Each structure stands twice: as C-alpha cells, then as structure tokens.
Amino acid sequence: MQFACEIIISPRRDILDPEGDAIGRSLGRLHFEGASDVRVGKYMTLQLEADSAEQARERITEMCRQLLVNPITEDYELSVRSL
Amino acid sequence: MKAAVVIFPGSNCDHDALHTCEQVMGWSTVPVWHESASLSGADLVILPGGFSYGDYLRCGAIAGRSPIMTAVKAHAEKGGLTMGICNGFQILIEAGLLPGALLRNSCMEFRCQYVHLRVETADSGFTRSLQLGDVLKLPIAHGDGNYFATEDLLQELNAEDRIPFRYCTERGGVLPEANPNGSLENIAGVLNKGRNVLGMMPHPERASEAILGSADGRRIFESLAGAFAEVGW
C-alpha cells in the first residue's frame, strides 16, 4: 500500500528561535497586535510503500530518529494517510 | 604525522586546511573524498569548514551520515585525533561524536570577522602548547554557530574541563559583548570525553601565517605536532 506522509518539525519550546522572534517583531511593526510566540519549523511530505499505516508510521519515526529530526533542538508531528 | 582532510560536496575550507597541514606544518597530508571508506592511515583527521550539502536539512546533517563518517567514527573511538572546524564542528555534532547543538546565530546575521578566544584548558592534544588564559585571534565565518547544550550537559562539560575555547575580548574578558553568535557561556569549541575530538567554530587554519592577518591558529597545529611527537597517537 502507498501512504502519503507529512512531518511537521518545529523548534523545541526550550530553544531560542531567533528567526521566529525576528518575524514576530516584524509583525509587531505592521501593527498585528496580539500576535506572539512565532516559531519557525519545517514541513516535509513523502510517499512510502508499507503494509499498513502502523508500519508506515514506524518507519517514518525511525527516519526521524536517524536523520530528519535533531531531538536536542526539534520536536515533530507525523500524519499518515493511505493513497 | 600524517593528516587527512575530508572533502564533502560544499566544503570550501578544505584547501586552507590542506595548505596549513602540508605547507605550513610540513605534514604528509591527503585529501579524502566523503564517499571513500578509508582515511589512508592518517593520524589526524580534519573535517573542514564550508557548507556541506548546502546546509540542507540542518547544517552538517547529511555530511554527518556520509560513507567516510564510519571511518571517522572508528578513528575517533580508538583515540585518533579528530578536528572539526566550523561546518566540520557541525558535522561532528550531527555524527554524534560531540555533544550539544549549533543553532542559528542569535543575531540572525552571518558573522564574518575576527574574534578573540580565551584558552580554557591545556589538557588536550590541541591545546597542550597553549597556556590557560592565552588569547588567540582567529576568524569566524558562520551563520549557525550558536552553541547550545542542556543544563546537565553544560554542567558536565564544565566539570570535565571540556571547553577549550571561549569567545573573549582582546584582553581576555569572557563577556557578553565578545560573543558573536549567542553561544551559551561564550563557548567557541568543545572536546569529547576522550579529549581527542575537538570541534570549534573559529578557523585556526585560516590564521596560521602572519601574512593572513594572524598566525595564532598555528599554535593549535603546533600543539598537535607536539602531542603526536610525544604520545605517538
């Protein structure tokens, strides 16, 4: 079965995100009051051949562990959808 | 002493490192392509600066998993001298040979300038000819050199004397105004537990001859020569 997978990677809450801060300040200069805590991450999609959604999820988790995510600085969320 | 300089796609300080090892220090030096499996029997392995794989994914992430890294890990694990400069430091962290992380500079700028480093330990092959408190003038050129460590790791690095260099003022003051990138505690370099692997953001290989504006970097290479002559590694 073919699965469409999405991975959202974001900087961990305890990590300074200077890019998010700079964007937040820029929003403030544009008078978007009330916008705060801007965080900038990454969005990835990939297609994966697997026997089940569970197996697809396991394999992506392993990809995240080995390459896609740095656990010291980043958190991630997965979603898997059969095609 | 035989040195190997690993070249990744996007390395751009490889020739500076080759020049310093070969021409300035007089060592037998070999360039090693990242797809190679062998370090050609080198005693010292240098991962040079640059932008390996265009900094895709995270700086050093893809290079840190390239074929040559199996040999680099084996070399480091048996106590072999291993030095990562700038992108090389990022690669060593991504490969798991050094702890912590290098984040985007807190100022959000690419910093290309001279900095001063205070020598914080002489207890390593890289710093054995230096004195505690010596100040080195070296260049930096990076956008992601903001050293981060968890509180526990920071405590461990300090307790084990594994922070050989901190950014400082010209007169040696480790002060916030001397910190070019927001690194925790002005950390400019770290050692592994075995003290044979060093990662540092500043470039000693670009400052090893007076004609380049500073020859202070040469003192690190001279330390290595002395360490090698004495211990034989």
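Mentor: Buried area is the accessible area (1.4 Å probe) that two parts lose on being put together, summed over both. The model is predicted: local features need pLDDT of at least 70, side-chain atom pairs count only at pLDDT 80 or more, and totals for chains, interfaces and linings use all residues. Residues are numbered from 1 along each chain as its sequence is written, chains are lettered from A and ligands numbered from 1 in the order in which they are written, and side-chain values use heavy atoms, with hydrogens and water left out.

Trainee: How much area do chain A and chain B bury between them?

Mentor: Contact here means heavy atoms within 4.5 Å. Chain A gives 15 residues to the contact and chain B gives 14 residues. Carbon and sulfur atoms carry 69% of the buried area, and the total is about 1200 Å².

Trainee: Which residues of chain A lose the most area to chain B?

Mentor: Three residues together make up 38% of what the chain A side buries. They are Pro18(A), Leu67(A) and Ile72(A).

Trainee: Which residue of chain A meets Arg104(B) in a salt bridge?

Mentor: A salt bridge needs a side-chain nitrogen of Lys or Arg within 4 Å of a carboxyl oxygen of Asp or Glu. Between chain A and chain B the count is 2 salt bridges. In one of them, at 3.7 Å from N to O, the partner of Arg104(B) is Glu19(A).

Trainee: How many disulfides are found over all chains?

Mentor: A disulfide is a pair of cysteine sulfur atoms within 2.5 Å. The search over all chains gives 0 disulfides. For Cys13(B), the nearest cysteine sulfur is that of Cys86(B), 6.5 Å away. For Cys21(B), the nearest is that of Cys13(B), 13 Å away, so the count stays at 0.

Trainee: Is Cys21(B) buried or exposed?

Mentor: Buried means under 20% relative accessible area, exposed over 50%, and partly exposed in between (1.4 Å probe, protein chains only). Cys21(B) has a relative accessible area of 0%, so this residue is buried.

Trainee: Which residue forms a stacked aromatic pair with Phe89(B)?

Mentor: Rings of Phe, Tyr and Trp (its six-membered ring) pair if their centres lie within 6.5 Å; planes under 30 degrees apart count as stacked, over 60 as edge-to-face and the rest as tilted. The search finds 3 aromatic pairs over all chains. One has 6.2 Å centre to centre and 10 degrees between the planes, and there the partner of Phe89(B) is Tyr147(B).
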